[in-house]
Amino acid sequence: MIRKFEIKSHDGPGRIGKIEGELTPKLFSKKDLKIAPNEGSAYNIDREIAEFNVKETLRLAKENVDECDIAVIQGSKYLDLRVKCLKELEEIGYNGFIIANADSLLTNPRDLVELVVSLKKQAKKTSYFIFPFTEVSFMPILTYMGIDGFMVDSANYYSHLNVLQTPTKAYDLNAYPIYDEISQEELEKKNVEYMEFTIREIHAHMKNRSLRNLVEERSGTTPQNISTLKILDRTQMDYLLEYTQLF
């Protein structure tokens, strides 16, 4: 059931690859993925609970490895548990991973940077990572850090909140009535279109070796985006430079 992942090129730590003939980074839909059952938990919980949830996640992943192609990296806020979960899931046979607690990580830039970079450094090169929940403006910097895909299902979530996700800003349509009348289904469609556009935009920049330019352009869209890039540059420069071409 494992999907073969091939790396084609890098732009910094970001990479263009192929999964079943489709270019990554790409949008994934939950209905098209066979995700192993896992024991989820909140981000900020006691370590004992997080340890139990990792143990249960690994047990369930092993029991279902013949039917599933994606595993979930649990471990809450504990970096060592996240790395342990990743390494043991790889040993079981998985190479596609969803990073749990994405919504909490987006509001904790330091934790986000430390977790993504640590997982990327520890993972096999043939492993790929999916970020399940993100604002569209965050997609370039997550790609730059090494994320290979995003769940398109977040477009539906934001549509129920009456939020329009554009490449530069999330608009609460209750406060910013950009459209006089728009249904939830129509709003979801627009959110999907913006996600698809941003993926195309990312691909174009990566092919031109200018993903960093796009990241810097989007860094001013939210305080969390600004903080993430500053922390990334300050704490992970060696990681960023490893695949960066010299001109």
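**Reading the sheet, the core and the backbone**

Modeller: Strand 4 and strand 8 (residues 149-151) run parallel and are joined by three bridges. Strands (E, at least two residues) and helices (H or I, at least four) are DSSP runs, numbered from the N terminus, and two strands pair if DSSP finds at least two bridges between them. This is a predicted model, in which local features need pLDDT of at least 70 and side-chain atom pairs count only at pLDDT 80 or more, while totals for chains, interfaces and linings use all residues. Residues are numbered from 1 along each chain as its sequence is written, and side-chain values use heavy atoms, with hydrogens and water left out.

Biologist: In what order do the five strands form the open sheet?

Modeller: In general, strands of a sheet pair through backbone hydrogen bonds, either parallel or antiparallel. Here the order is 4-8-7-6-5, with parallel pairing. Strand 4 and strand 5 (71-73) are the edge strands, each pairing on one side only.

Biologist: Which strands does helix 2 (residues 79-92) touch as it packs on the sheet?

Modeller: Helix 2 touches strand 5, strand 6 (96-99) and strand 7 (128-131), and its direction makes about 160 degrees with that of strand 5. Contact means heavy atoms within 4.5 Å; axes are lines fitted to C-alpha atoms, for helices over the stretch in contact, and angles run from 0 to 180 degrees between N-to-C directions.

Biologist: Which residues touch the most other members of the largest nonpolar core?

Modeller: In soluble globular proteins, nonpolar side chains tend to be buried together. A nonpolar core is a set of buried Ala, Val, Leu, Ile, Met, Phe, Trp, Tyr and Cys residues joined through side-chain atoms within 4.5 Å; buried means under 20% relative accessible area, exposed over 50%, and partly exposed in between (1.4 Å probe, protein chains only). In this core of 60 residues, they are Leu-89, Leu-112, Phe-129 and Phe-131. Helix 4 (residues 109-122) gives the most to this core, with six residues.

Biologist: Where is the peptide bond cis, and which residues have a positive phi?

Modeller: Most residues other than glycine have a negative phi, and most peptide bonds are trans. The bond from Thr-24 to Pro-25 is cis, with omega near 0 degrees. Residues with a positive phi include Glu-20, at about 50 degrees, and Asn-162, at about 60 degrees. Glu-20 counts as exposed because its relative accessibility is 59%, whereas Asn-162, at 23%, counts as partly exposed.
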